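Colleague: I am new to reading protein models. Could you walk me through a few features?

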Amino acid sequence: MGMTDEVDTKSQPVQAEPKVKDKEVADMDCAEVPDEMESQKKRHLNVVFIGHVDAGKSTTGGQILFLSGQVDDRTIQKYEKEAKDKSRESWYMAYIMDTNEEERVKGKTVEVGRAQFETETTRFTILDAPGHKSYVPNMISGASQADIGVLVISARKGEFETGYERGGQTREHVQLAKTLGVSKLLVVVNKMDDHTVNWSKERYDEIESKMVPFLRSSGYNVKKDVQLLPISGLVGTNMKTRVDKNICPWWNGPCLFEALDSVEIPVRDPKGPYRMPVIDKFKDMGTVVMGKVESGSICEGDSLLVMPNKAPVKVLAVYCDEDKVRRAGPGENLRVRLSGIEEEDISSGFVLSSVVKPIPAVTEFTAQLQILELLENAIFTAGYKAVLHIHSVVEECEIVELLQQIDPKTKKPMKKKVLFVKNGAVVVCRIQVNSLICIEKFSDFPQLGRFTLRTEGKTIAVGKVTDLPSRSSA
Ligand code: GTP
Ligand code: MG
């Protein structure tokens, strides 16, 4: 793509959804509503792009949209000019996903970018997470909406190393993704075109040999749930079509689109009890809530409960992406217009839930925690306070009691009474929060029973809910 001086500044705007919260929901006549299955012939997957800062997540996401024909050359030229004006020449592809001025000036994603594209078999929603460590909470929110992850790793000299080091976000993101229910990972070794890499097989093998044991130790079954492949997000190589043998004679595997197309994920139960954690809400001819359906299906006219306040509501309309639909199943990102509740009475973290089988609401639960890295000099013991992130809930919590330490080797509880634990320990404990939160046991609904604990902006532990009080408020 050559640069031209003549750039039409009025040409098409950004292709990814604007990051200002879009308060407009298209209102369509009921007669125009497509039958629910119409727009859903293809399966739908949410893919989160994760990885260390500057690995090329936004660039790769932008390139995917370009290659799938959603961004025209003119827009690309406009971005090339804008990037050049900001002295960030190579950043133009990332501008497709990074739509805020702040993000473009700094060259860093802040808010999770969203965009859609399709392959032969699947409709994808891309969630482009920020890599910078200051924005880990945004990454957590992106990953908690995802089914699969694309872990982007930079092969450029020195960059792989920084991301992989202790404290690097390659590590932190993988551990968070696993905990947050991202069951499959495509690991893309990016920047293969860079002059320090030049599609070197040795470099690719080196990265693979370090990543595989690490992914395994983070709980991924590497054979079944992980696939690695080399790409160049900036140039668009090995993405929509396989890399040319002249460029990379040693790669015989798939390209990124093929890999995405063939990812298999477990089918979710459309007949399960309805569960949709609220990510955001706003007023628009009623109260509109946004979120991803984790279980069950929703129909126009349904009666549901907003938990934990047990408020009965009626479903006025359901929007899937931009389309109004009559019904939607698990895995879909929706906007749902409700009657019977004011917008002020809903917070993110609340759950739109089935009436017959509402989600439990608790102020205390038992969990198994894996301690990652405590702050310096901190000890993990009863009285420890942290911030709990579980689906869309963010709440202060306190560890009230350590119950048992688990031997990481045998996975069996250790006999000795446990008063405190250190980095790397696995421990069962009781956790309390001040106000009611809606959660599930991990064994019942993994997506609603996995969480992270953070202190002072750092993830210190990941965990699973193992038990709820027998008289939870549901
Ligand atoms: P954060 O959002 O800040 O976490 O970064 P990111 O992972 O989204 O990275 P981004 O896409 O903004 O790219 C960072 C820099 O790497 C930019 O200068 C890109 O041009 C460059 N880059 C990304 N992909 C490639 C690639 O395939 N090859 C080369 N040579 N450079 C790349
Ligand atoms: Mg980015």
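Modeller: Phe420 sits in strand E20 (residues 420-421); helices (H or I, at least four residues) and strands (E, at least two) are DSSP runs, numbered from the N terminus. This is a predicted model, in which local features need pLDDT of at least 70, side-chain atom pairs count only at pLDDT 80 or more, and totals for chains, interfaces and linings use all residues. Residues are numbered from 1 along each chain as its sequence is written, chains are lettered from A and ligands numbered from 1 in the order in which they are written, and side-chain values use heavy atoms, leaving out hydrogens and water.

Colleague: Why does Phe420 count as partly exposed?

Modeller: Buried means under 20% relative accessible area, exposed over 50%, and partly exposed in between (1.4 Å probe, protein chains only). Phe420 counts as partly exposed because its relative accessibility is 45%.

Colleague: Which polar side-chain atoms lie by an oxygen or nitrogen atom of ligand 1?

Modeller: A polar contact is a pair of N or O atoms within 3.5 Å; within protein, one must be able to donate a hydrogen and the other to accept it, and residues adjacent in sequence count only if both atoms are side-chain atoms. Here, Asp193 has a polar side-chain atom 2.7 Å from a nitrogen atom of ligand 1. Asn190 places one 3.0 Å from an oxygen atom of the ligand, and Lys191 also has one 3.0 Å from an oxygen atom.

Colleague: Which helix gives the largest share of the shell around ligand 1?

Modeller: That is helix H1 (residues 57-67), with three residues.
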